[in-house]
Amino acid sequence: HILGFDAVANLGIGQRFAIGANVPFVLYQEGSSGLPPSVSRFEAVPSSALGDMGLTMKGALVRNEGGGFGLAALGNFTFPTGGRDTFVGEGAMTASARVLAEYTLIVAVAQASVGYKLRTDRRTWPSEEVGGFRFGDEIPWSVGFALKPAILGVDSGNRQRWELAAHGWLPAGPVGPFGAGEPGSSALSPVLLSASDRIEIGRYRDTFVLVGAEVGVTQAVGTPVLRGVLGLGWAPRAHD
């Protein structure tokens, strides 16, 4: 069981670009004691930990504030500020890029993304002697649908956004997707289903609360049975 949070900051630059940073923290976690050396140098996971700090970038290629088709490019770099033995750190840098496509009717939105994640240090975990899995590059993906419930007469203030999405990734080497390359493809192909409600609050609606949950559809390494999400954000904008 893990209780953690991500500190996230993002700055918009002009009308098409944004840059941000995030730092994940584990406030408390517990797990099996007596971990074997093939899994960790320590007999148990640490009760708290710092994850890998990330640097994010986003650019709008096709803007769609008025509705219709939109396209964006996203980049992310992580730095090894967290240790591997904490189970929340890579132990090396990673770099990823994604393309996000969206079609919106303002009250309803359909989204899909696909990308590539590069690991600078591939490794086998647990050790090969116990049949570990070869972690390498990945192909992250997502599909989702969002709806403004005001169209259903539920939210008269038009402050909410309901979303249902699936996301995950496929191995991209040395283990290939769909069983190609080295064995272990299914263990490195998580699929998760998530649902959330984003609620804007305040006079200018620049503060929001997000409540959600997701479940693991596959039994890939690290896929949670159930994960709850609670978010609080503030996004100030210029007002007339």
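Q: Why does R161 count as partly exposed?
A: R161 has 26% relative accessibility. Buried means under 20% relative accessible area, exposed means over 50%, and partly exposed lies in between (1.4 Å probe, protein chains only). So R161 counts as partly exposed. This is a predicted model: local features need pLDDT of at least 70, side-chain atom pairs count only at pLDDT 80 or more, and totals for chains, interfaces and linings use all residues. Residues are numbered from 1 along each chain as its sequence is written, and side-chain values use heavy atoms, with hydrogens and water left out.

Q: What makes the meeting of E163 and R161 a salt bridge?
A: Their side chains are 3.9 Å apart, N to O. A salt bridge needs a side-chain nitrogen of Lys or Arg within 4 Å of a carboxyl oxygen of Asp or Glu. E163 is partly exposed, with a relative accessible area of 27%.

Q: How many salt bridges does the structure hold?
A: The structure holds 11.

Q: Why is it said that the salt bridge of R41 and D85 ties parts together?
A: The two side chains meet at 2.6 Å, N to O. R41 lies in the loop between β2 and β3 (49–50), and D85 in the loop between β5 (68–79) and β6 (94–104), so the pair ties together parts that are 44 residues apart in sequence. Strands (E, at least two residues), like helices (H or I, at least four), are DSSP runs numbered from the N terminus.

Q: Which of the two, R41 or D85, is buried, and which is exposed?
A: R41 has a relative accessible area of 69%, so R41 is exposed. D85 has 15% relative accessibility, so D85 counts as buried.

Q: Where do the partners R227 and E214 lie?
A: Their side chains meet in a salt bridge (2.3 Å, N to O). R227 is in strand β14 (residues 226–234) and E214 in strand β13 (residues 207–216), so this pair, 13 residues apart, links distant parts of the chain. R227 is partly exposed at 36%, while E214 counts as buried at 9%. Elsewhere, salt bridges that share partners join E90, K117, R119 and E138 into one network.

Q: What is F25 in contact with, leaving aside its neighbours within four places in sequence?
A: F25 is in contact with G4, F5, A7, A49 and L50. Contact means heavy atoms within 4.5 Å. F25 sits in strand β2 (residues 17–29). At 30% relative accessibility, F25 counts as partly exposed.
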